[in-house]
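Here are my notes on the model you sent over. Have a look at the structure first, then read on.

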Amino acid sequence: MTQNQTPQGTQKISRYIMTIIFVVLLLSVISIILAVSVYLNGVSTSSHVVSSSQAGQDDLTAGFLAIIGLVAMTMSLVTLFQSRRQAAEMKIEVPKVMTTIECKKCGTKTVREFQRGDYVYKDLDACPKCPDTKQIITAVYKEIKEKEKTYNV
Amino acid sequence: MYIMIREVENSLHKLKFIKEEGRKNAIDAIKEIGKPPADPTARVDRYLEYFTIGPQSMDPAGVVYKLDHILDVRDTRLKDEVKLMAPGCDEVQVNNLENTLEAAMALNFIYKVVRHYYIQGKKTLSLYVIMQIQMILPMVMKEAEAYASALKAFAYGQPIGDGAGPLVAAKLMHGYEIRKLPKDCVMATVPLEGRTALIIKAEGPGGNVGKPGDAVEAVIEENAGKIANVIMIDAGLKLEGETLGEVADGIGAAIGGPGVDQYKIEEKLTKYKIPINAIIIKEDIGDAVSPLRKEINDAVDKVIERVKAIILEQTKEGDKVIIVGVGNSIGVGQ
């Protein structure tokens with residue numbers, strides 16, 4: 001197994017927080033459904049003989065329920081994404097480590113992923129080009145692509 | 001104050017996660033490599049709580065040798081503990097597992113100290129207690145993250161940034177006859193620019209820093225003090241803004257740790273009036289304990305050029321020179 005195949009650290013959000021988020025999300029959905037049903041009821045009954053104050057009250061109730069539902073839904077989704085981001089930050093980076101193999105005779109250089117047991121100046125099998133010479137590991141290193149931020153000072 | 005407490009609390013959660021991962025990694029590595037007959041979890045937990053009491057220094061005469069003795073006892077005790085946990089390991093693997101456990105131990109200690117200040121701050125509601133830890137938190141987190149990435153490197157036996165010195169020594173001594181020196185060090189006699197270079201490093205490829213103080217002492221005594229120069233190569237902490245892998249040279253014994261080895265080397269050099277040079281490869285704490293970065297690996301040739309220049313400038317043909325590659329030899333053979 002190459003070292004670079006090592007699994008990353010587990011990223012879990014607390015079950016307690018998840019339960020709260022989903023309960024709030026469920027309540028917000030119920031609130032929005034209620035808002036829609038109250039609004040639709042208001043529309044259908046307004047076509048019959050109902051006082052205008054009754055219809056206005058229904059609209060107001062629907063509006064309140066919709067606002068409560070939307071605010072609760074937004075808050076629970078924000079909390080969910082924030083928790084996911086925090087959990088993603090909590091992982092131990094396993095860098096990609098490479099091994100350089102060289103043949104001292106023909107100078108052939110190959111680079112492959114690090115394997116357990118590799119170390120600098122370890123003798124390996126014979127070189128495919130010159131069968132009488134053993135290849136050796138000349139370097140084991142990690143390469144980091146991103147450039148460090150400079151401050152021009 | 002609330003913002004500070006929240007900040008410490010968030011970092012504490014992260015530290016707890018890192019510490020747990022460290023413990024888990026160490027246990028997994030022991031199970032995988034050491035093939036223990038019983039579950040090593042309880043032993044690992046006990047290992048993580050080990051402490052060392054330094055010698056009393058009210059009367060400082062001889063304190064270095066007392067410290068040296070305590071460090072030897074600690075080293076033997078920890079190694080024996082690893083051998084009991086993982087009986088299926090060879091010497092190299094025992095050294096690597098010991099290093100893995102030491103990284104987990106450091107993470108455990110960092111977590112406990114931060115937790116101590118956090119709880120103390122909440123209990124006393126003192127701004128100053130919380131401020132103390134909040135102010136140094138970025139550096140503490142950087143160190144903890146460095147140890148976290150070191151765990152896998154140690155378990156797999158990969159070279160780390162601190163191994164820059166041994167890497168230079170290995171490149172110089174590779175292909176020459178190697179002999180063992182006290183303690184856990186190796187030496188090769190290499191012709192270099194018309195001089196005889198006695199090259200010393202900790203024995204690899206297991207995780208091991210050896211005792212270069214004892215090794216240099218032994219070599220100087222073997223040669224009855226007839227050494228023209230000592231050159232020490234080590235990884236040096238870089239300041240922000242300095243380039244990773246930058247090479248700098250100067251004067252003095254380039255060696256970290258508790259100071260025992262530095263003391264022994266300085267004693268011998270003073271006795272025989274031997275000049276000492278130091279070459280450092282600059283890197284930060286994170287790079288020092290995590291897998292070796294390419295920039296540090298590329299700096300090896302520059303260091304060798306610098307060593308040759310010092311030898312040519314400061315010694316005569318036929319002189320004997322000691323070159324010491326200081327640092328952890330994990331993943332570096334010879």
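1. Ground rules. This is a predicted model, with local features needing pLDDT of at least 70 and side-chain atom pairs counting only at pLDDT 80 or more, while totals for chains, interfaces and linings use all residues. Residues are numbered from 1 along each chain as its sequence is written, and chains are lettered from A and ligands numbered from 1 in the order in which they are written.

2. Overall layout. Chain A has 2 helices and 4 strands, and they run α-α-β-β-β-β along the sequence. Both kinds are DSSP runs numbered from the N terminus (helices: H or I, at least four residues; strands: E, at least two).

3. The sheet. In chain A, 4 strands make an open antiparallel sheet, ordered β2-β1-β4-β3. β2 (109–113) and β3 (123–126) of chain A each have a single partner strand, so one side of each lacks a neighbour in the sheet. Strands count as paired if DSSP finds at least two bridges between them.

4. One pair up close. β1 (residues 97–103) of chain A pairs with β2(A) in the antiparallel sense over 5 bridges. Thr99(A) sits opposite Arg112(A) in β2(A).

5. Burial. Of the 153 residues in chain A, 14% are buried (20 or more other C-beta atoms within 10 Å of the residue's own; exposed is 12 or fewer, partly exposed is in between, and C-beta atoms are placed from the backbone).

6. Over in chain B. Tyr2(B) belongs to helix α1 (residues 2–34) of chain B. Tyr2(B) is exposed, because 7 other C-beta atoms lie within 10 Å. Tyr2(B) and Leu127(B) are 125 residues apart in sequence, yet 9.5 Å apart in space, C-alpha to C-alpha.
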